[in-house]
Amino acid sequence: MSDAHNDDAMKPEEIFQRGDPEALLDLGEPETAAVGDTAPQEPPDPLQGVTDDLDALMRTLPETLRGAVRVASDARPDGSGSLLEIVLDLGRTPWARYIDDEVQLSEAPIEQSVLDAVVAELGEFGDDNRAGIDGTLHRISCIRNRRGDVVGLTMRVGRAVYGTVQVIDDFVHSGRSILLLGRPGVGKTTMLREVARVLSEAGRRVIVVDTSNEIAGDGDIPHPGIGSARRMQVPTPSLQHGVMVEAVENHMPEVIVIDEIGTELEAQAARTIAERGVQLVATAHGNTLTNLMMNPTLADLIGGIQTVTLSDEEARRRGTRKSVLERKAPPTFGILVEIQSFTRVSIHDDVAHTVDALLRGDSVVAASRELSASGEVQVEQEDSVRTPLPFQPPRPAPEEEFDFELPPRAVGPHRRLLPLGVSSARLEEAIAETGAPASVADRLDEADAIMTLRSTFRRRPIQIREAESRGIPVYVLKHNTVTQMEQSLRGLMRGPREHDEVTAALAETEEAIAELHSGPQRAVDLAPQNAYIRRLQHQLAQRMDVGSNSKGRDPYRRVRLFKG
């Protein structure tokens, strides 16, 4: 029995076992058994049908090429079902590309008249040098010379494959934003088109932003492959981000479907859409999540990446180096799907958690799903783990010595802190994070210390003046952040050491002023300080009727106090 006969007899489940799910496209309509035929029934095709409108594409070709494609397809056991594209280049022989093979269509090179005849049958080429055929999903891309003449054509067959979304059906209906990744030709746009159809038929308001008319086909009437979803065409690819935002502002969609997010402006528009509560389903350039993380233009889709410098103690607590990579913001897409074939995908259903793990240098395991020949979705954990990013240094081993030393940690008595101008909730979070022996006080009478902001301290509110008169220490922060509160609390935990420079400098100023009032000294030089602390010392001296000026040059510039 010949190999061709063996291939003709292959059943859908055998195709799955062979690991070639694309061959499902070649099956066509199942044959109907005759009455009385006792042959066993084949299991149903998990992919519910294929529409390719191949005749419309063939009609644009000259008769000789049309016949050559027909002959080449008839010689294959799967017919034209695996035809991917037809390539026509000026002065070269024409080729037909199939999933697993390329076939030369003619020995005669392509002439300019052949290209001109084909172009005349097509729609108008856009700024991206792509055109289509009215009412179909076919995409024709051209190559131009310096004068703008068409010297090459890539005629890609467009197919609507129904049922491809079954493998991620639960995520599609979850309302969360989904990003699809995968190599060229793996079926990203096909799955995107099916998502639009399924959600629109479920009663959702779906709008497709179609830059190259690849999702919903060429012409003003969308292809039936997107169901009842509405389609917004884009005049030129550079305006896609504007049309994305316009869709949200003007048409009240519940779902927006976008193909090929590839620029920073489009990534920003996607974030704007997601933050307005609209479900976003899109594709992007890249095969895997790690590819996206290493792309600075599109990294914002998964939250962005920034370099953060940790304090010595925090780096020791984490077991990392002081400079680490962290996620900058919440990801635009909560779910990321890596498409491996029409029936197999890898899914990261918590993109934020996965990105954080990769940035820490950890390995992560994606959930793998496959659509079986019987139409059931099989879920399993991938056997191979994703390795850490190439630019992320590995975690140091537990026994590795760090190049910095931490001061001894001495826990002092319990302190009640009065937040003045700072967030009490953030202060409580900082106390919990550091384990400091402290709690938040509600009134000055209950407080052992005050924690305030520099801007508040400058205004000298009554609580600050009363605290100074009672000898209650004041901790001054530059920013109202948990990080700065933690640093101040760690200084508090180290005991009576002068960990707050502002408090220590003002205490020194008060002692010097007391010496001037009670002693014979005419002037006292204070310790060198930065410009901000020197300004506070001058203000304190003025309130206490003591003259002051600054002497020396940084970093030894200091305040001199003298009797007025």
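How many nonpolar, polar and charged residues does the lining of the second largest pocket have? The first legend answers this, and every view shows a predicted model.

**View 1. The second largest pocket and the make-up of its lining.**
By class, this lining has 10 nonpolar, 11 polar and 12 charged residues. The pocket has a volume of about 810 Å³. In total, 33 residues line the second largest pocket. Those nearest its centre are Arg156, Pro184, Gly185, Val186 and Gly187.

**View 2. Helices and strands around the second largest pocket.**
Two or more lining residues of the second largest pocket come from each of these elements: strand E2 (83–89), helix H7 (188–201), strand E12 (255–261) and strand E13 (279–284). Helix H7 gives the largest share of the lining, with 4 residues.

**View 3. Thr190 in helix H7.**
Helix H7 holds Thr190. The relative accessible area of Thr190 is 14%. Buried means under 20%, so Thr190 counts as buried. Its contacts, leaving out residues up to four places away in sequence, are Arg159, Val161, Thr164 and Phe342.

**View 4. The largest cavity and its lining residues.**
Searching the whole structure gives 3 cavities of 30 Å³ or more. The largest cavity contains about 40 Å³ of space. Its lining is made up of Phe457, Arg460, Leu506, Leu536, Gln539, Leu540 and Arg543. Sorted by class, these are 4 nonpolar, 1 polar and 2 charged residues. Which helix gives the largest share of this lining? Helix H18 (residues 531–543) does, with 4 residues.

**View 5. Arg460 over the ring of Phe457.**
Both Phe457 and Arg460 line the largest cavity. The charged end of Arg460 sits over the Phe457 ring. The distance from that charged end to the ring centre is 5.3 Å.

**View 6. Arg76 over the ring of Tyr98.**
Here the charged end of Arg76 sits over the ring of Tyr98. It lies 4.3 Å from the centre of that ring. How many aromatic pairs does the structure hold? The count is 0.

How values were computed
Residues are numbered from 1 along each chain as its sequence is written. This is a predicted model: local features need pLDDT of at least 70, side-chain atom pairs count only at pLDDT 80 or more; totals for chains, interfaces and linings use all residues. Side-chain values use heavy atoms; hydrogens and water are left out. On a 1 Å grid over the protein atoms alone, a cavity is a set of points where a 1.4 Å probe fits but cannot get out, and a pocket is an open set with protein on both sides within 12 Å along at least five of seven lines; lining residues have an atom within 4 Å of a point. Grid points are joined across faces, edges and corners, and a volume is the space filled by probe spheres set on the points. Ala, Val, Leu, Ile, Met, Phe, Trp, Tyr, Cys and Pro count as nonpolar, Asp, Glu, Lys and Arg as charged, and the others, Gly among them, as polar. Rings of Phe, Tyr and Trp (its six-membered ring) pair if their centres lie within 6.5 Å; planes under 30 degrees apart count as stacked, over 60 as edge-to-face and the rest as tilted. A charge sits over a ring if NZ of Lys or CZ of Arg is within 6 Å of the ring centre and within 35 degrees of the ring normal. Buried means under 20% relative accessible area, exposed over 50%, partly exposed in between (1.4 Å probe, protein chains only). Contact means heavy atoms within 4.5 Å.
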